[in-house]
Structures are given as structure tokens and as C-alpha cells.
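Biologist: I am new to this structure. Please show me how to read its inside.

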Amino acid sequence: MGKRPKLDEISAVLALGKCLTLTDAQYEAKTGITLPKDPYYLKNGSALARLCKEYGYYIEVQEKRVLLKKGV
């Protein structure tokens with residue numbers, strides 16, 4: 001079993017009733033761990049899935065290529 005994610009920031013947003021969209025990098029920055037790679041586990045068995053279910057949300061996985069620009 002791996003490290004547990006720090007879900008405080010995500011929980012605060014969900015408690016406000018707002019939808020949330022996160023990239024892998026944003027999830028890692030907010031929770032301190034990497035996003036689970038298995039989409040089924042991410043949507044149904046992960047700590048994030050349990051938190052979302054608690055607030056009445058669900059997870060939708062969209063695999064898109066995202067280009068990130070770094071400032072000079």
C-alpha cells in the first residue's frame with residue numbers, strides 16, 4: 001500500500017459545491033502523490049473516489065495531451 005494523498009485542498013473545493021478539473025501534475029502538487037494510473041481504480045477504489053462520493057460527485061477520466069509552457 002502506498003502513501004495516502006493529502007486531500008484537504010480538494011475537499012475544501014468540493015465542500016463549496018464546485019466542480020473540479022485537475023491534470024496529473026495539479027493532482028500531484030495538491031496531494032503530494034501521483035494520480036493512480038488505472039482509470040477503473042481511480043474512479044471506483046481510490047481515496048479521491050471515496051472523497052468525491054462523500055460529497056455527491058463522481059470522477060470522469062479524460063485522457064488528453066496537455067502542453068505545458070515553462071516561463072523563461
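This is a predicted model: local features need pLDDT of at least 70, side-chain atom pairs count only at pLDDT 80 or more; totals for chains, interfaces and linings use all residues.

Biologist: Which residues have the most contacts inside the largest nonpolar core?

Modeller: Start with the general idea. In soluble globular proteins, nonpolar side chains tend to be buried together. Here, the largest nonpolar core has 13 residues. Leu7, Ile10, Tyr27, Leu48 and Ile59 have the most contacts inside it.

Biologist: Which elements give two or more residues to this core?

Modeller: They are α1 (8-15) and α4 (47-54). Helix α4 gives the most, with five residues.

Biologist: Which residues of α4 are buried, and what do they pack against?

Modeller: Ala47, Leu48, Ala49, Leu51 and Cys52 are the buried residues of α4. They pack against α1, α2 (24-31) and α3 (39-44). Just after α4, Gly56 has a positive phi of about 85°.

Biologist: What does Ile59 touch?

Modeller: Set aside residues up to four places away in sequence. Ile59 then touches Leu42, Lys43, Leu48, Ala49 and Cys52.

Biologist: Now the single residue. Is Thr31 buried or exposed?

Modeller: Compare its relative accessibility with the cut-off: buried means under 20%. Thr31 is at 2%, so Thr31 counts as buried. Thr31 is found in helix α2.

Biologist: What does the side chain of Thr31 reach?

Modeller: The backbone oxygen of Tyr27, at 2.7 Å.

Biologist: Which residues is Thr31 in contact with, leaving aside neighbours within four places in sequence?

Modeller: Pro5, Lys6, Leu7 and Ile10. Leu7 and Ile10 are also among the core residues with the most contacts.

Technical notes. Residues are numbered from 1 along each chain as its sequence is written. Side-chain values use heavy atoms; hydrogens and water are left out. A nonpolar core is a set of buried Ala, Val, Leu, Ile, Met, Phe, Trp, Tyr and Cys residues joined through side-chain atoms within 4.5 Å. Buried means under 20% relative accessible area, exposed over 50%, partly exposed in between (1.4 Å probe, protein chains only). Helices (H or I, at least four residues) and strands (E, at least two) are DSSP runs, numbered from the N terminus. Contact means heavy atoms within 4.5 Å. A polar contact is a pair of N or O atoms within 3.5 Å; within protein, one must be able to donate a hydrogen and the other to accept it, and residues adjacent in sequence count only if both atoms are side-chain atoms.
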